[in-house]
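Please look over the chain shown below.

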Amino acid sequence: MKKVSKKVRKQLINISVVLVLVGITITVLCVTGNKELNFKNIGAFLKASNPWLLVTSVLCMIAGIIFEGMCIHMISRRFGHKGRLISSIAYSSADIYYSAITPSATGGQPAAAYYMVKDGMGAGTASFTLLVNAIAYTAALLILSACAFAIRPHMFGHFNPLVKFFIIFGISMQAVLLGLFIACMFCRRVVLKVGNGIITLLVKMHIVKKPDKWRDKLSYEVEKYRSCLGAIRKYKFLFLNSILLTLAQRVVRVLISCCICLAVAPETSFWDVFVLQSFVIVGYTFLPVPGGTGAFEYLYLNTYNVIYSSDAFIYSAMIIMRIVSYYLSIIVSGLFTLSYHVYQMRRKPIAKPAEETVPEGLEIPPVPISLLTDEESEEQPEQAEQAEPAEAEEPAESSQTEEENMENEKQ
């Protein structure tokens with residue numbers, strides 16, 4: 001019987017965690033939902049809805065995957081990789097799928113990078129493509145938050161204190177993250193000094209056991225962001241276009257809720273729903289749970305009650321919204337990722353470039369030895385061992401030539 005690989009086990013654990021969180025969330029909703037959350041109300045909601053707007057909500061979900069793929073495609077082409085758009089959409093699908101089933105969306109970028117490298121893209125190019133995409137994503141969320149406050153500045157005051165805390169915390173974390181990106185680009189020494197100080201403190205507290213490895217990792221990440229500044233300066237519109245495409249992806253995700261709510265209540269103000277859903281997205285995105293499960297439901301119920309008085313409507317809209325934006329998104333992106341994975345396995349392997357072509361102004365920092373995998377770090381000792389016998393053969397050859405010269409002299 002074949003053993004289950006470590007990657008498969010990890011993925012099964014992540015899916016199990018998501019299912020447990022979903023089960024707990026549904027149980028809590030059923031217990032505290034005052035019997036408004038039931039299949040009868042959901043069926044009545046679907047029956048009264050405009051089917052075309054529901055279909056549009058599904059198309060908006062698919063458009064979100066495509067927009068991220070377009071952003072990845074544009075950045076990677078600018079960095080020298082001539083790939084196909086369909087491949088970039090597959091990278092986007094892998095990012096969305098693994099982000100949805102891992103805490104804090106930590107599994108998305110490594111999965112996308114894996115398929116990029118399998119397609120012959122250099123590891124450095126893949127890393128910087130996802131790096132620019134991540135910075136654009138953070139900037140797009142902050143722009144979306146600013147637009148929500150600008151469109152309906154009074155609406156934030158109607159939320160309860162916990163909802164306000166989640167929204168302010170989400171915006172603050174995104175701002176800190178973007179500020180850290182900028183600091184790595186312009187204030188590298190300050191970031192390294194502060195980071196190394198934190199590592200030293202964690203070592204004294206016996207939380208970190210390998211300080212050299214963490215310092216190498218910090219230095220590598222900071223240098224990577226600093227090097228990205230050269231490419232952004234050279235391709236001035238690259239970052240702007242990345243933000244616009246990522247913002248478009250965020251907007252179509254917001255439009256899913258707009259389509260679902262307006263499908264049943266067309267008299268509702270479009271901008272009210274748009275602003276509320278923007279606050280919900282910003283409020284749960286930074287929380288360390290897969291897909292914001294639990295936090296999304298709480299924020300949705302306690303923000304949409306500002307414009308809707310019917311609990312049955314809010315609960316039904318939330319369930320339909322969650323099915324389309326999260327569960328259906330997992331299915332679509334997961335199936336596309338699986339199909340592309342099978343395609344990569346069946347095709348002929350793509351040879352990796354001997355030298356990675358890097359655009360002018362972009363310098364890829366070397367990976368520190370302490371961050372390499374065990375297999376990579378063992379390559380150098382093996383090469384040294386292979387070189388030793390070759391060096392040992394030279395004295396043997398010289399001794400043979402000396403014996404021949406002695407025989408010739410005797411003759």
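Is F67 buried, exposed or partly exposed? F67 is partly exposed, because its relative accessible area is 23%, where buried means under 20%, exposed over 50%, and partly exposed in between (1.4 Å probe, protein chains only). F67 sits in helix α3, residues 51–78. Helices are DSSP runs (H or I, at least four residues), numbered from the N terminus.

F67 touches L245, A248, Q249 and V252, leaving aside residues up to four places away in sequence. Contact here means heavy atoms within 4.5 Å. Q249 is 182 residues from F67 along the chain, yet their C-alpha atoms are separated by 5.5 Å.

## Model and confidence

This is a predicted model; local features need pLDDT of at least 70, side-chain atom pairs count only at pLDDT 80 or more, and totals for chains, interfaces and linings use all residues. Residues are numbered from 1 along each chain as its sequence is written, and side-chain values use heavy atoms, with hydrogens and water left out.

pLDDT is the predictor's confidence in each residue, from 0 to 100. The protein chain averages 78, and 74% of the residues score at least 70. Over residues 371–401, pLDDT stays under 50, and the model has seven contacts beyond four places in sequence for them. Where pLDDT is low, the predicted coordinates should not be read in detail.

## Nonpolar cores

A nonpolar core is a set of buried Ala, Val, Leu, Ile, Met, Phe, Trp, Tyr and Cys residues joined through side-chain atoms within 4.5 Å. The largest has 51 residues. F159, I260, C261, Y284, Y300, Y304 and Y308 have the most contacts inside it. Helix α11 (residues 270–285) gives this core its largest share, nine residues. Another core, of 27 residues, lies apart from it and includes C71, L131, I135 and V222.

Y326 belongs to helix α13, residues 311–346. Y326 counts as buried because its relative accessibility is 6%.

Of its 16 lining residues, L180, W214, K217, L218 and E221 are the closest to its centre. A pocket is an open set of points on a 1 Å grid over the protein atoms alone, where a 1.4 Å probe fits, with protein on both sides within 12 Å along at least five of seven lines; lining residues have an atom within 4 Å of a point.

Helices α7 (161–186), α8 (188–204) and α9 (211–234) each supply at least two lining residues.
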